[in-house]
Amino acid sequence: MRYRLLSALVASAAIVTDAAPAASSYDYIVVGSGPGGGPLAANLARAGYSTLLIEAGGDEGDNPTYTDIGNFNEAANDELTRWDFWVKHSDDPVRDLKFKHTTWDTGDGTFYVGLDPPADAKLLGIQYPRAAVLGGCAMHNAGVCSLPADDDWNIIVNKTGDTSWSAENMRKYLKKIEKNEYLPAGDEAHGYDGWLATSAADNSWAKNDSLPGTRMLKKMAELTGQDPNDAVNLVNRDILEAGDNVDETTSFYNMVTHADSKGKRSSPNNYIRATLADPAKYPLTVKLQTLVTRVLFDEATLKAGSTPRAIGVEVMEGASLYRADPKHVDGTKGPVSQILATREVIVAGGAFNSPQILKLSGIGPAAELTKFNISVVKDLPGVGENLGDNYEGSLLALGAAPVQSGLITLLFRTPSAPTKKRNIFTWCGAFSFEGFWPGFPTYHGPTQYTCAMVHMAPKSQTGSVRLVSADPQDKPDINFRFFEKRGDEDLHELVEGANLLRKAWQAAGEPVLPFDELHPCPSSSGAAAAAAAGKEEEEEESCTDAAQAEFFKTQAYSHHATSTCAIGGDDDKMAVLDSKFRVRGVEGLRVVDASAFPVVPGAFPSCPTMMLSAKAAEDILADAKKAE
Ligand SMILES: Cc1cc2nc3c(=O)[nH]c(=O)nc-3n(C[C@H](O)[C@H](O)[C@H](O)COP(=O)(O)OP(=O)(O)OC[C@H]3O[C@@H](n4cnc5c(N)ncnc54)[C@H](O)[C@@H]3O)c2cc1C
Ligand SMILES: *[C@@H]1O[C@H](CO)[C@@H](O)[C@H](O)[C@H]1NC(C)=O
Ligand SMILES: *[C@@H]1O[C@H](CO)[C@@H](O)[C@H](O)[C@H]1NC(C)=O
Ligand SMILES: *[C@@H]1O[C@H](CO)[C@@H](O)[C@H](O)[C@H]1NC(C)=O
């Protein structure tokens with residue numbers, strides 16, 4: 001497969017400017033406008049503090065590729081906003097080269113994706129898309145909104161003693177931000193006046209017993225201990241429901257997205273724009289197409305050896321300055337200047353960029369900083385470590401006919417899960433999803449059918465984000481070290497999930513059966529084709545649990561990176577933040593984004609990060625009050 005690497009340089013969208021006069025100094029500077037930083041900047045300004053929000057990308061808030069949630073695959077492929085990180089899944093290059101969508105630069109302006117690159121092609125690695133745009137990755141994601149397990153919040157209480165992180169208390173931030181459009185008003189677990197629209201699909205298809213999808217749904221119910229006759233109701237169950245045993249519940253749900261009921265994406269972009277447009281003239285300034293290169297510290301504090309104090313940021317202005325941007329032109333730089341914050345700097349560049357920014361500013365593992373001649377402001381060994389992500393893998397098959405079905409969303413516990421909690425989040429439908437590469441996804445024709453699985457509680461968080469140089473335009477080295485700790489258990493749980501779903505597929509009936517499975521288990525017809533080619537035995541053996549585990553080990557993908565600047569306790573030397581998001585060992589600096597979660601927050605981090613951001617606004621404003 002070949003894809004175009006670059007189109008001609010695309011002119012960037014209009015820059016948002018505020019009505020307020022430009023100032024050289026602000027109360028707060030927020031770096032990055034995704035689910036972490038975007039709503040936070042808006043909330044600080046709404047509370048009356050002059051706030052500068054700096055974003056490396058532009059504004060695509062009027063572009064239908066981004067505003068229509070159904071276009072999410074186009075959005076994630078779009079050069080206008082794409083930042084390509086080329087990541088590793090392990091320390092073993094041989095294992096990584098088995099990843100079927102490994103990507104290479106052919107040198108002639110195209111990518112090669114696959115296992116058999118042309119001679120002289122340069123290995124790039126495994127594509128990991130991110131969005132550099134006002135609203136961050138919430139502008140190109142699929143918008144799936146789900147909540148962490150209660151323990152994923154409660155563990156922060158355990159680590160820090162700060163009870164405001166209890167799952168019970170965190171619900172209040174969902175209620176605060178949510179504008180629920182799928183339940184009748186008055187549900188105590190939900191909010192109806194927030195800025196984040198949530199909606200759910202029409203699942204009335206499940207009432208039709210003659211659909212292959214309905215037959216599979218009922219079989220899944222039977223295999224997961226649910227009442228098949230109740231499946232038609234369960235498909236409408238609220239996935240954001242509150243309750244004591246939610247995390248132990250195996251059930252169908254209605255998938256919720258952060259989009260309104262008309263299919264328009266709802267993201268921090270909307271909230272930032274609404275804040276800028278508000279007649280109350282909140283003191284928010286948004287600076288787009290500006291790359292923050294480092295945080296500045298008060299020289300006096302550094303010289304005196306007292307606690308270093310963050311006083312602003314250094315920026316480089318211009319579009320496409322970062323080398324992850326496919327539009328970046330070698331050697332391009334922009335004017336560098338400094339902007340001051342009288343109160344605080346808040347870094348929210350996401351799980352890859354926040355640790356990079358801290359390290360470039362002298363906060364991180366001392367040995368790594370010294371290697372690049374960065375003077376150490378604070379030796380914090382946890383910065384860039386503890387990188388976590390959900391493992392994802394899919395079953396993909398071709399039906400003998402198109403598979404008529406709506407979307408099935410099922411959260412279930414596989415038999416060997418170590419606790420009573422459910423461990424797999426799956427959604428099934430007539431689509432294909434096999435991970436990320438330039439040009440994803442592959443269309444396998446009208447009969448394609450996928451169950452995409454997300455492992456909700458990966459047991460290994462040994463990934464890292466490390467510098468390759470002191471150049472802020474460089475991308476860091478990112479290695480997820482998938483399955484490093486207790487990986488065999490997680491792989492086995494994925495295989496159990498796949499076996500269950502495959503069994504349910506056999507209930508699809510006429511005219512869909514037989515399914516021709518493409519992976520993880522090449523099907524009988526695949527075996528037939530192989531038999532014709534004289535490879536019968538190999539194919540038959542390819543469906544052992546061990547073979548499936550090997551498939552997931554080499555082909556798992558991910559896109560929910562978190563935890564690289566983790567909150568932790570005073571006694572934890574790998575803790576980067578305290579429970580109020582303050583970077584340990586310095587003053588005037590916090591990190592508020594998905595890097596703050598000590599553990600992967602359930603199956604999807606977008607809504608949890610926006611909840612965390614709402615909490616951060618409250619914590620920061622409380623500190624501001626105290627200081628006044
Ligand atoms: C393709 C894809 C699909 C996804 N689908 C879902 C989904 O359906 N549901 C879900 O819950 N999650 C999904 N996610 C994950 C989710 O979107 C992210 O976890 C979430 O956006 C993280 O928010 P954040 O604020 O931590 O970082 P980000 O969203 O990455 O925002 C960081 C922002 O900071 C900016 N920035 C970075 N460095 C600098 C710098 N030096 N100077 C200035 N600005 C900078 C970036 O341009 C970016 O806008 C998906 C992610 C991807 C990539
Ligand atoms: C928190 O600590 C208590 C007491 O040690 C323990 O029972 C509980 O399982 C812990 N919870 C989490 C989420 O770590
Ligand atoms: C149920 O689905 C079948 C097959 O697509 C269709 O012919 C039939 O009209 C549907 N019935 C209802 C009530 O929608
Ligand atoms: C660090 O500084 C020293 C002394 O100035 C220089 O010799 C070395 O090349 C520098 N290293 C890097 C990685 O820039």
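Predicted model: local features only at pLDDT ≥ 70, side-chain atom pairs only at ≥ 80, totals over all residues.
Colleague: Which residues surround ligand 2, then?
Modeller: Asp 151, Ile 155 and Asn 158.

Colleague: What does Asn 158 do there?
Modeller: A polar atom of its side chain sits 2.3 Å from an oxygen atom of ligand 2. A polar contact here is a pair of N or O atoms within 3.5 Å. Taken alone, ligand 2 exposes 360 Å², and the protein buries 35% of that. Those areas use the Shrake-Rupley method with a 1.4 Å probe.

Colleague: New topic. Which residues does UniProt list for "binding site"?
Modeller: The unreviewed entry lists Val 133, Asn 141, Ala 142, Gly 143, Val 144 and Val 292. They spread over 160 residues of sequence, and up to 29.2 Å between C-alpha atoms. Such annotations may be inferred rather than shown by experiment.

Colleague: Where is Asn 141?
Modeller: In the loop between β7 (122-131) and α5 (150-160). Its side chain reaches the backbone nitrogen of Gly 143 at 2.9 Å.

Colleague: Is Gly 143 buried or exposed?
Modeller: Gly 143 is buried (under 20% relative accessible area), because its value is 1%.

Colleague: What does Gly 143 touch?
Modeller: Ile 69, Val 256, Thr 257 and His 258, not counting residues up to four places away in sequence. Contact means heavy atoms within 4.5 Å.

Methods. Residues numbered from 1 in each chain as written. Chains lettered and ligands numbered in written order. Heavy atoms only, no water. Helix = DSSP H or I, 4+ residues; strand = E, 2+ residues; numbered from the N terminus. Polar contact = N/O pair within 3.5 Å; in protein donor to acceptor, adjacent residues only side chain to side chain. Buried < 20%, exposed > 50% of the residue type's maximum accessible area, 1.4 Å probe, protein only. Near = heavy atom within 4 Å.
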